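Subject: Structure handover and notes

Dear colleague,

I am passing on the structure we spoke about, and below it you will find my notes on what was found. Please read the notes with the coordinates open beside them.

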Amino acid sequence: MRGRPGRHADDGGDPMADLSIKELDQVLQGWRGRTIRVEKEEQGNRDQVTLELDRVRYVKNESIDDYVGHYVLELHGAGTVEPEPGAPQASLPGATFEIPLTTQDQYRLQQGRLELRTPRGAYRLWPEPTS
């Protein structure tokens, strides 16, 4: 999806702004060095991840497996996973959270929070307030 011209994707001022992949990357790169939260709803499962965002990468997937997207958004940093509300937290495996990306995805920014909708699920991301 395309963002609106003349507006920075990270300003959060738009009630609901569709983003291009480039604008999505600009927002995520701006969050590096901060603690971010990710809520994932995928195939009936809901997880919540907290991580110290060190690096953002996009990796082309060479697999022919349709379960994995053509590209993968990798969020790197130490973190924890809460597999369901109230469940014990576990360390984020490999210090990486992956989101499969396809050409059908929608990226939106609303009040400083990102929403990614893919054919497999929905992801909401936001930075923790700085102290």
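I begin with E39, which sits in strand β2 (strands here are DSSP runs of E with at least two residues, and helices are runs of H or I with at least four, numbered from the N terminus). Before going further, please keep in mind that this is a predicted model, in which local features need pLDDT of at least 70 and side-chain atom pairs count only at pLDDT 80 or more, while totals for chains, interfaces and linings use all residues. Residues are numbered from 1 along each chain as its sequence is written, and side-chain values use heavy atoms, with hydrogens and water left out.

**E39 and its surroundings**

E39 has a relative accessible area of 16% and is therefore classed as buried (buried means under 20% relative accessible area, exposed over 50%, and partly exposed in between, with a 1.4 Å probe and protein chains only). Its side chain makes a polar contact with the side chain of R46 at 3.3 Å (a polar contact is a pair of N or O atoms within 3.5 Å, where within protein one must be able to donate a hydrogen and the other to accept it, and where residues adjacent in sequence count only if both atoms belong to side chains). When neighbours within four places in sequence are set aside, the residues in contact with E39 are R46, D47, Q48, A122, Y123, R124 and W126 (contact means heavy atoms within 4.5 Å).

**Salt bridges**

E39 also belongs to a network of salt bridges that links it with E41, R46 and R124, and the structure as a whole holds nine salt bridges (a side-chain nitrogen of Lys or Arg within 4 Å of a carboxyl oxygen of Asp or Glu).

D47, which was listed among the contacts of E39, forms a salt bridge with K40, the closest N and O atoms being 3.2 Å apart, and D47 and K40 are both buried.

**The sheet**

Eight strands form an open sheet in the order β1-β9-β10-β11-β2-β3-β6-β7, with antiparallel pairing (two strands pair if DSSP finds at least two bridges between them). The edge strands, each pairing on one side only, are β1 and β7. Strand β1 (residues 17-19) is joined to β9 by three bridges, and A17 has L109 as its bridge partner there.

β10 in turn pairs with β11 over four bridges, where L116 has Y123 as its bridge partner.

In a regular strand the side chains alternate between the two faces of the sheet. In strand β9 (residues 106-110), Y107 and L109 make up the covered face, whereas Q106, R108 and Q110 make up the uncovered one.

**Backbone and rings**

Which other residues might you want to check for a positive phi? Q43, which is not a glycine, has a positive phi of about 50°; Q43 is located in the loop between β2 (35-42) and β3 (45-52) and counts as exposed at 52% relative accessibility. A95, also not a glycine, has a positive phi of about 50°, lies in the loop between β7 (90-91) and β8 (96-101), and is partly exposed at 31%.

Finally, R113 lies over the face of W126, at 4.0 Å from the ring centre (a charge sits over a ring if NZ of Lys or CZ of Arg is within 6 Å of the ring centre and within 35 degrees of the ring normal).
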